[in-house]
Amino acid sequence: MVSSPHEAMHRVFQDHPGLFSRVGPALGVDFPRYTSFDVMPTDLTELQPVERRVDTLLRFDTERDGSFLLAVEAQGRKDPAKLASWAYYLGYLNSKHEVPPVLLVVCQDRATARWASQPIRIGPAAWTSFAVFPLVAGPHNLPVITDPAEAAEDLALAVLAAVTHAKEPDVGAILKALSAALRDVPEDVANPLAELTAQGLGKLPAADLWRNLMAVDLSFYKSPMVQEIREESRAEGEARALLRVLQSRGFRLSAELEQQVSGCRDTATLNRWLDRAVTAETLDEVFAQD
């Protein structure tokens, strides 16, 4: 039940908003003189539920310092709207779980990391009512791991280093060290890490290098991505063989048809064309529809 003192201590500011400007000096804060004011609704309930999800949330219990929550956010670019969301996350988590939260933002480029590292201060210029100080991990502070032995000591950190340095010049050396380290661990350990690295690299140029390393250094694994890479490699070889056979037999292919052959990744189709190319009299016979 809300007590009368509780009501009085805040209602006085509703009835006399100007009172705050006179209380300020007693608090040691010199707020600027107001020019107008509005009494705002006090209900903070959202009329329509808004789904809010942190990327990853972990709880850690410690021996001496109790427990804490770690909210991990992956941030690919500057997004001013995220600042308010991060503040909301920490306030909500602290209230709901009554466990102190920490925000970790993981970035792939230095500019985003610098932006995310800035404190999030909420309140008027004269006084910060609520502040969030994100921890930021990215290419500016995570280690550059180019030694396979060092990568093997902490494979998860090596994966994170590879992903966060994906746009950096030394990513090639990092990926080579990681692929070499994964060769010496069981397949059920290496596969998820290899796939996670590929996912983290996305469509960046480094992703092509990783796929090539997986096809060579991790050729003994049977993960779906490795199988796909092997299939693509076989298809590329079949396509090159077909073009050589056709050239040796004197066939002249149009640029469109040559592109069709080079871009085909169906090994069954390529093998069928290759078989026909050995004896066919015309290109129509080679590429006839079944």
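User: Which residues of α12 are buried?

Analyst: This is a predicted model, in which local features need pLDDT of at least 70, side-chain atom pairs count only at pLDDT 80 or more, and totals for chains, interfaces and linings use all residues. Residues are numbered from 1 along each chain as its sequence is written, and side-chain values use heavy atoms, with hydrogens and water left out. Buried means under 20% relative accessible area, exposed over 50%, and partly exposed in between (1.4 Å probe, protein chains only). In α12, the buried residues are Thr267, Thr269, Leu270, Trp273, Leu274, Arg276 and Ala277.

User: Why does the end-to-end distance of helix α12 agree with its 13 residues?

Analyst: Helices are DSSP runs (H or I, at least four residues), numbered from the N terminus. The expected span is 1.5 Å times one less than the number of residues. Helix α12 (residues 267-279) should therefore span 18 Å, and its end C-alpha atoms are 19 Å apart, which agrees.

User: Which residues have the most contacts inside the largest nonpolar core?

Analyst: A nonpolar core is a set of buried Ala, Val, Leu, Ile, Met, Phe, Trp, Tyr and Cys residues joined through side-chain atoms within 4.5 Å. The largest has 26 residues, and Leu155, Leu175, Leu178, Leu182, Leu201 and Trp210 have the most contacts inside it. Two or more residues come from each of α6 (155-164), α7 (171-182), α8 (187-201) and α9 (205-216). Another core, of 18 residues, lies apart from it and includes Leu257 and Leu283.

User: How many disulfides are there?

Analyst: A disulfide is a pair of cysteine sulfur atoms within 2.5 Å; the count is zero. Cys107 counts as buried because its relative accessibility is 1%.
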